[in-house]
Amino acid sequence: MRVSTKPKNPAIIFCGKHRVNFVMFEPVYQRLRQAEGLWMGVSTGRYKYRSILGWSEPKQADWRNDAIYSEFDIDPTHLVPTSHRDRFPYDVCVTSNQSSLMRPRNSRLTVQIFHGVSFRNFAVNSNYRKFDKLFFPGRYMMEQYIERGILAENDSRIELMGMPKLDRLANGEYSRDEVLAGLGFDPSVPTALWCPTGAKHNSFDLLGAEGIKAITASGCNLILKLHDH
């Protein structure tokens, strides 16, 4: 899909570099796509446009829209080849990545929703001040920005919004017993969830098979969720 003219309706685009980025926005996307009077778009931001050659796809196949968004329930007409080079101004650009390539240059309002809360605080840095709005997932990260002097307490960019991907968990839409039974686990047994980070030398890199043996030897069920990277 190539967008060459500005939609008549207010235009919202989400730009993500990896699948984990869109996971944060998907619950919002699914609600907005049902709203009347909105134009929705999603993109990886990795497509390029050249005046003579036109659109060119990313060098790596798994960077294409159809690859990154293939696992999600998305209207195919919402896939936009590029986020950075489109010629019309979007009303709102939402992203959970700080790369400038993820943002159309003519966006009227840019919104950062982050893609998690890092205990290493890698997402607590001044680079995020370039966004018009910072939708913080919780008070911890917001207070880190204020305590470190990156943002003033009354900064208009601050919005305490929560984390959309956790809504279904917080609303009680998941049944623990049903989830565990679906994985072939006994729900009466304690369950450990191991989610290593995407950084080098993470807990799984360091412990690996020994970590798995230690947890399962304790009598627990183990769910190992590797990082998107």
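In which helix is Val179 found? Val179 sits in helix 5, residues 176-182; helices here are DSSP runs of H or I of at least four residues, strands are runs of E of at least two, and both are numbered from the N terminus.

Before going on, the ground rules. This is a predicted model, where local features need pLDDT of at least 70 and side-chain atom pairs count only at pLDDT 80 or more, while totals for chains, interfaces and linings use all residues. Residues are numbered from 1 along each chain as its sequence is written, and side-chain values use heavy atoms, with hydrogens and water left out.

Back to Val179. Its relative accessible area is 39%, so Val179 is partly exposed. The scale is: buried under 20% relative accessible area, exposed over 50%, partly exposed in between, with a 1.4 Å probe and protein chains only. Together with Leu166, Leu169, Tyr174 and Leu183, Val179 makes a nonpolar surface patch of about 470 Å². Nonpolar side chains, meaning Val, Leu, Ile, Met, Phe, Trp and Tyr, are joined within 5 Å, and like charges within 9 Å. Areas are from the Shrake-Rupley method with a 1.4 Å probe, and for residues only the protein chains shown count as cover.

Now helix 1. Its 14 residues, 19-32, reach 19 Å from the first C-alpha to the last, close to the 20 Å expected at 1.5 Å a residue; the expected span is 1.5 Å times one less than the number of residues. Helix 1 has a kink of about 50° at Phe25, shortly before the proline Pro27. That bend is the angle between axes fitted to the seven residues ending there and the seven starting there. Phe25 is also buried, as are Val20, Asn21, Phe22, Met24 and Tyr29. The buried residues of helix 1 pack against strand 1 (11-15), strand 2 (39-43) and strand 5 (92-95).

What does Asp228 contact, leaving aside its neighbours within four places in sequence? The answer is His18, Arg19 and Val20, with contact meaning heavy atoms within 4.5 Å. Asp228 lies in the segment after strand 10 (221-224) and, at 33% relative accessibility, counts as partly exposed.

Last, the whole chain. There are six helices and 10 strands, and 38% of the 229 residues count as buried.

Methods
Patch = residues over 30% accessible without salt bridge, like charges linked within 9 Å, V, L, I, M, F, W, Y side chains within 5 Å. Salt bridge = Lys/Arg side-chain N within 4 Å of Asp/Glu carboxyl O.
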